[in-house]
Amino acid sequence: MRAFFEDSVDLAPLLLRWLAIEVRREDPPDPSQFPRAGWDPILAGDRFLIAHSWVEAPTPKGRFRLSIDTTAAFGAGRHESTQLMLQAMEQELRAGQTVLDVGCGSGILSLAARLLGAGQVFACDIHAEDAASVARQMKIPAFAGSADGVRDGAADLDRKSVV
């Protein structure tokens, strides 16, 4: 089992409670060093093509291109949960609706909501750097925190309403 903690966490109580065979410090992954091989574009749902920015494959007619490069954040589009959410959004999202992307990670679902015609999209993630990245790169209002910080009924569509 591997576990990861911020540098500020005192590991002593954890080591006393759990058997630890090895403790080491690892630097966070550098997204620019992720391999580019094996990241062929994939079709998701009926309306999306997921392809990284360096992939030159054409976008099939009638599909939106989601171009999210791999980072430390979840949401490169290859996980089944992301693909299932894209399918659900295709069926449930109506033009002009307000969408809340809870646990936005890379912001791939926020981008998809915008492409599907959402009137307003906002996002949150418990990782401040992910929320800041989505706000900066996608120009989508995003905050660090959980869905508990959002008033009930503030969004027409959120993960609770499509799951």
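**Reading a predicted fold, feature by feature**

Colleague: Fine. Which residue has a positive phi although it is not a glycine?

Modeller: That's Lys139, with a phi of about 60°. Look for Lys139 in the loop between helix 4 (128-138) and strand 6 (142-144).

Colleague: Is Lys139 buried or exposed?

Modeller: The general idea is a cut-off on relative accessible area: under 20% is buried, over 50% is exposed, and partly exposed sits in between. Lys139 comes out at 64%, so it counts as exposed. Gln137, which lies in helix 4, is exposed too, because its relative accessibility is 60%.

Colleague: How far apart are Gln137 and Gly107 in sequence and in space?

Modeller: They are 30 residues apart in sequence, and their C-alpha atoms are 9.2 Å apart in space. For the whole chain, take the contacts between residues at least 6 apart in sequence: 46% of them join residues at least 24 apart.

Colleague: Let's zoom out. How many helices and strands are there in the protein chain?

Modeller: Five helices and six strands. Along the sequence they follow the pattern α-β-β-β-α-β-α-β-α-β-α.

Colleague: In what order do the three strands of the open sheet come?

Modeller: The order is 1-2-3, and the pairing is mixed. To find the edges, count partners: strand 1 (42-44) and strand 3 (64-66) each have a single partner strand, so one side of each is left without a neighbour in the sheet. From one strand to the next, the twist averages 30°.

Colleague: How many bridges join strand 1 to strand 2?

Modeller: Three, and these two strands run antiparallel.

Colleague: Which strands does helix 2 touch?

Modeller: Helix 2 (residues 80-92) packs on the sheet and touches strand 1, strand 2 and strand 3. Its direction makes about 45° with that of strand 1. Helix 3 (residues 108-115) also packs on the sheet, touching strand 2 and strand 3, and its direction makes about 160° with that of strand 3.

Colleague: How do I read burial along a helix?

Modeller: Start with the geometry: an α-helix has 3.6 residues a turn, so residues three or four places apart point the same way. Then look at the case here: six of the eight residues of helix 3 are buried, so this helix is largely enclosed by the rest of the structure.

Colleague: Which residues of helix 3 are buried?

Modeller: Ile108, Leu109, Ser110, Leu111, Ala112 and Ala113. Over the 163 residues of the protein chain, buried residues make up 34%.

Colleague: Which residues make the nonpolar surface patch?

Modeller: Phe5, Val9, Leu14 and Trp18 make it, and the patch is about 380 Å². To belong to a patch, a residue needs over 30% relative accessible area. Phe5 has 45%, so it clears that cut-off while being classed as partly exposed. You'll find Phe5 in the segment before helix 1 (12-17).

Methods
Residues numbered from 1 in each chain as written. Predicted model: local features only at pLDDT ≥ 70, side-chain atom pairs only at ≥ 80, totals over all residues. Heavy atoms only, no water. Patch = residues over 30% accessible without salt bridge, like charges linked within 9 Å, V, L, I, M, F, W, Y side chains within 5 Å. Areas by Shrake-Rupley, 256 points an atom, 1.4 Å probe, with all protein chains shown as cover. Salt bridge = Lys/Arg side-chain N within 4 Å of Asp/Glu carboxyl O. Helix = DSSP H or I, 4+ residues; strand = E, 2+ residues; numbered from the N terminus. Buried < 20%, exposed > 50% of the residue type's maximum accessible area, 1.4 Å probe, protein only. Pairing = 2+ DSSP bridges. Axes fitted to C-alpha atoms, helices over the stretch in contact; angles between N-to-C directions. Contact = heavy atoms within 4.5 Å.
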